[in-house]
Amino acid sequence: MAKRNTYFQDEVIERKIDIRQLGRTLRYVLPYKRVFMLVGVLMVVSSLAALIPSLILKRITDVIIPKQDYAGLVYMVLSMVLLAVLEIGITFAHSRLMGKTGHSIIAKLRQDIFYKLQELPFDYFDNRPNGKIVVRVTEYVNGLANFFTNFVMMLVIYIIKIVVVTVLMLTLSPTLTLVVFATVIPMMICVFVLRYTIRKLFGLHRAKVSNRTAFLVESIMGEKIVKNYNRTELNEEIYREVHNASLKHWRKIYLRNELNTPIVEFFWNTGTICLYGVALSMLLNGDPLINVGLMTTFTAYMSQFSGPLTQIAFIIQNLAQVSSNLEQVFDTIDYPVTIHDNEGSQELKDVEGKIDFNNVTFAYEDGVNILENFNLHVRNGETIALVGPTGAGKTTVINMLTRFYDVQEGSVMIDDKDVRDLTLASLRREVGVLMQDPFIFKGTVMENIRYGRPDATDEECIAAAKAIYADRCIDRLANGYQHMLDERGEGLSAGEKQLISFARIILKNPSVIILDEATSSIDTETENLIKQALDVIIKDKTAFIVAHRLSTIRNADRILYIADKGIAEQGTHEELMALKGLYYALNV
Ligand SMILES: Nc1ncnc2c1ncn2[C@@H]1O[C@H](COP(=O)(O)OP(=O)(O)O)[C@@H](O)[C@H]1O
Ligand SMILES: [Mg+2]
């Protein structure tokens, strides 16, 4: 199992940065291959066109000016204007096409991560702060957009440009071409080394940014506790720390980026001096080719040669950033979905409600068993109450039944069918869970009730609320069923939230009901209401009730006292009271 991670720990992604990650993006790019080809052609045309002005200039200085050929000059100037217009047109078409395509590609990637997040097993979420998950879907993916829209094509174009310029230079003067190479190659080595160190820093920077987001999200979610425990100042300090940690790497990246220009300029100036030096000695040796036109063209080509090269270095650095982003994005996309429909799994239907836990052993973290050889056999329609100390494993028992986690040993059966042989969709349709903190989504009361059955009519939703006596409580809200609720149900009392979630489950109508401390935060005012509602919910169904509130479980068919990785005591309320053991101790 993956190690747990917090906001002050860097996430360690074990996979190394490799070209395969970029290769995998091909899957996203290939559907747009036509657009890419079209853009490719446009860009080849435009980059070739960009080479023509130097040739025109050479002709003007070499031929037209000496001959004072004014018609020729007009002709040349017109062709330059035409080239410029062509260039503008192509640039426009290119950015239109790539802007759209890049964003479609990113949209698909973003969607894939979201879909994946919906499927991921709980241990993925257990091991990472929410913020670190959010940052993957939002920030990491953002950087990729630019990469796809601009850089991929540019890379190809720059390579083409370099090849063409090299050929042109060689035809003009092989010796001078060698001089250009002799300066540009060491320059590139320096630039690439620099980029390599920056690449490493980017990975570190990412990790720190993700820590910062994790802390941010946690602070927002715990806002009330933050204020009540006077953590504001301390949290500001922690924020500064996590922020500075990211800044530290950013500064290093920034400083190194700044080094880039002096390096390029140093080699560039040296190169130009060498170029003129060599040309001068060739001229002195009587080389007929050397003249002003050639030197102008050559200097222009030298910049057209090294320009793309430095750009390539820049793209490669970006590639590094993109690659470290992709690493984390694919880490999510690749995360094994351990809980899935197994081959040949069947639909769970016409549930009778017989449930068996056979020798179940389970651990969240290797070596720390929460349940050991746990055995429990439940008859159809039986109501089972689970009590016991906090952390004893009551919720864990439930987690096995809903397949939120899979058992390590043994099996859990519903109607004599192993839960692992049932489709997850049918299992979760038939087994309904109500938790202590009923999650309320942003939306109306009606929408919240309808959550598990989007096709239900308003009447069905209202009937569900009525069935558990929640309608009076809902009517009291300013807009009744159309009352807008905030995320997590801020502004509702615990009892009101609970009633809405009860209505939600009544509407879903599962065959097996689980209430995990669903009644423990209820105020006395709604307690009676909730108790009545509870009876409706579990009527004629197999039910598991985990409760603090002992009054709610007194009528259960069987009460289990969970302790020491198993069942310590079981029986009816009367039996257990007579036993004068652990359960009895809870009641006195
Ligand atoms: N996702 C998890 N990862 C690791 N340990 C967990 C996880 N959930 C619960 N535990 C641990 O398992 C034990 C049993 O937890 P739980 O079943 O939730 O207890 P309870 O009886 O209070 O419902 C506790 O020690 C708890 O800390
Ligand atoms: Mg619990």
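Tutor: Begin with handedness: a crossing is left-handed if the near helix is turned anticlockwise from the far one by less than a right angle, and right-handed if clockwise. The model here is predicted. In this model, helix 1 and helix 9 make a left-handed crossing.

Student: At what angle do helix 1 and helix 9 pack, and how far apart are their axes?

Tutor: Helix 1, residues 19–29, packs against helix 9 at about 70°, and the two axes are 9 Å apart. Angles of 65 to 115 degrees count as roughly perpendicular. Helix 1 and helix 9 are therefore roughly perpendicular to each other.

Student: How do helix 5 and helix 9 pack?

Tutor: Angles over 145 degrees count as roughly antiparallel. Helix 5 (residues 130–172) and helix 9 (residues 292–334) pack at an angle of about 155°, their axes being 7 Å apart. The pair is therefore roughly antiparallel. The crossing of helix 5 and helix 9 is left-handed. The residues of this contact divide into 23 nonpolar, 9 polar and 2 charged.

Student: At what angle do the axes of helix 3 and helix 9 cross?

Tutor: The axes of helix 3 (residues 70–119) and helix 9 cross at roughly 40° and come within 9 Å. That angle makes helix 3 oblique to helix 9. Helix 3 passes helix 9 in a left-handed crossing.

Student: Now the chain as a whole. How many helices and strands does the protein chain have?

Tutor: The secondary structure comes to 18 helices and 12 strands. Along its principal axes, the C-alpha trace spans about 120 × 55 × 50 Å.

Student: Which domains does the assignment give, and what distance separates their centres?

Tutor: The domain assignment gives domain 1 (19–334) and domain 2 (355–587). Their centres, taken over C-alpha atoms, are separated by 55 Å.

Student: Last, the ligand. Which residues are around ligand 1?

Tutor: List the shell, then ask which element supplies it and what kinds of residue it holds. The residues around ligand 1 are D126, Y364, E365, I370, T390, G391, A392, G393, K394, T395 and T396. Helix 10 (residues 394–401) gives the largest share of the shell, 3 residues. By type, the shell around ligand 1 divides into 3 nonpolar, 5 polar and 3 charged residues.

Note on methods: Residues numbered from 1 in each chain as written. Chains lettered and ligands numbered in written order. Predicted model: local features only at pLDDT ≥ 70, side-chain atom pairs only at ≥ 80, totals over all residues. Axes fitted to C-alpha atoms, helices over the stretch in contact; angles between N-to-C directions. Helix = DSSP H or I, 4+ residues; strand = E, 2+ residues; numbered from the N terminus. Parallel < 35°, antiparallel > 145°, perpendicular 65-115°, else oblique. Nonpolar A, V, L, I, M, F, W, Y, C, P; charged D, E, K, R; others polar. Domains from an automatic or database assignment. Near = placed C-beta within 6 Å.
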